[in-house]
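Welcome! Have the sequence and the 3D view side by side, and let's walk through a few spots together.

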Amino acid sequence: MEEQNTNQSQTQTSLPHSPFTRPIRCIVKLGGAAITCKNELEMINEKTLQKVSEQLGHAMVASSEKPPGMDWSKRPGGSEICCNPEEFGCHSALECSHFIVVHGAGSFGHFQASKSGVHKGQLNKPLVKGGFVATRISVTTLNLEIVRALAREGIPSIGMSPFSCGWITSERHISSADLSSVAKAINSGFTPVLHGDAVLDEIQGCTILSGDVIISHLAAYSKPKYVVFLTDVYGVYDRPPTEPDAILLKEIAVAEDGSWSVVKPKLQNSIELTVAAHDTTGGMKTKISEAAMIAKLGIDVYIVKAATSHSLRALNGDLRSSIPDDWLGTIVRSSR
């Protein structure tokens, strides 16, 4: 789930120290519009999710041999659970580089949240309380399916809900977030998979915590080498990408005060960033705002279309030294 506008995570300094003791290679945001069919209620884009999971496995696992799958649950239409313990014998020492995955909701949760007004608070109202429960049922359902897809690629993924981990906001800004559970999962060799969620708010009762805001908060403490936003379009455009004259912004520079400007290409006109009326998210405005907060930390952010050769290069870290001319995507980085 994503929330209307958290105005950058102003409480990133609320924790006294970072619980992360292992170096984090990458934080990945799976955009809800990329992994679900956004116009079809609670429908996963199975083809894209499978490709994304394969690419993550390729980027995370050093071995050229695919590790055994870890989804030992009954498949729809199947009669048995598929599990071969002998496959794990030669993979006992297999290591994955440390990634954190955060996903949006897409067609999961947005309907429930917008119909009940969960993002506006007032948990004392029966409709809001019911919507809070319904929203969490929906987003955790999606989380489980993403965890299963990653597990099938041999990624030791663990679903972690912000609400259950004690993430709390105050007037929609993060006021407390127990990151120790995420750090402990990484230290134990797991890949945490978090998601946008309905959470409690100290002032308004409840709200929606955006996946983009979760990423910027995690980045401030885990200091990953780079961050990748996987979306349903090739990056950030100067106007809605459906318009024929839309221009892909290749590089955005972020100043020390958090303001940003387009470096490549040079534009003559102002940029139009729109937000879908049905969405409880800040859309591209929130995405760039949170990406800019991460870039201020000296961490490059790549915004790229999911399940493409361009996203694989970003996930692999191939773009950290230089950006090839044929790469399609947007890089947001510090101007320093």
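Let's begin at the start of helix H6, where a side-chain oxygen of Ser 210 comes within 3.0 Å of the backbone nitrogen of Asp 212. That is a polar contact, meaning a pair of N or O atoms within 3.5 Å; within protein, one must be able to donate a hydrogen and the other to accept it, and residues adjacent in sequence count only if both atoms are side-chain atoms. What you see is a predicted model, in which local features need pLDDT of at least 70 and side-chain atom pairs count only at pLDDT 80 or more, while totals for chains, interfaces and linings use all residues. Residues are numbered from 1 along each chain as its sequence is written, and side-chain values use heavy atoms, with hydrogens and water left out.

- Helix H6 covers residues 211–222; helices (H or I, at least four residues) and strands (E, at least two) are DSSP runs, numbered from the N terminus.
- The expected span is 1.5 Å times one less than the number of residues.
- In H6, 12 of its 12 residues are buried. Buried means under 20% relative accessible area, exposed means over 50%, and partly exposed is in between (1.4 Å probe, protein chains only).
- Helix H4 (residues 126–152) has 27 residues and reaches 39 Å from its first C-alpha to its last, close to the 39 Å expected.
- Just after H4, Gly 154 also has a positive phi, about 85 degrees.

**Salt bridges**

- Side chains of opposite charge can pair when their charged atoms come close.
- A salt bridge is a side-chain nitrogen of Lys or Arg within 4 Å of a carboxyl oxygen of Asp or Glu, and the count here comes to 10.
- Which residue does Asp 212 form a salt bridge with? The partner is Lys 29, with the closest N and O atoms 2.7 Å apart.
- This pair links distant parts of the chain, since Asp 212 is in helix H6 and Lys 29 in strand E1, 183 residues apart. Both Asp 212 and Lys 29 are buried.
- Asp 238 and Arg 239 meet in a salt bridge at 3.0 Å, N to O. Asp 238 is buried at 5% relative accessible area, whereas Arg 239 is partly exposed at 22%.
- Asp 326 and Arg 313 form a salt bridge too, with the closest N and O atoms 3.4 Å apart. Asp 326 lies in the loop between H8 and E15 and Arg 313 in helix H8, so the pair ties together parts 13 residues apart in sequence.
- Salt bridges that share partners join Asp 71, Glu 145, Arg 148 and Arg 152 into one network.

**A buried arginine without a salt bridge**

- Arg 25 lies in the segment before strand E1 (26–30).
- Arg 25 is buried yet has no salt bridge, and the nearest side chain of opposite charge, Asp 318, is 6.6 Å away. For charge, Lys and Arg count as positive and Asp and Glu as negative; His and the chain ends are not counted.
- What lies 2.6 Å from a polar atom of the Arg 25 side chain? That is the backbone oxygen of Ala 59.
- The backbone oxygen of Asn 316 lies 2.9 Å from a polar atom of the Arg 25 side chain.

**Aromatic pairs**

- The whole structure holds three aromatic pairs. Rings of Phe, Tyr and Trp (its six-membered ring) pair if their centres lie within 6.5 Å; planes under 30 degrees apart count as stacked, over 60 as edge-to-face and the rest as tilted.
- The rings of Tyr 226 and Tyr 302 have centres 6.3 Å apart and planes at 65 degrees, so this pair is edge-to-face. Tyr 226 sits in strand E9 and Tyr 302 in strand E14, 76 residues apart.
- Tyr 302 and Trp 327 are edge-to-face as well, because their centres are 6.2 Å apart and their planes at 85 degrees.
- Ring pairs link Tyr 226, Tyr 302 and Trp 327 into a cluster.
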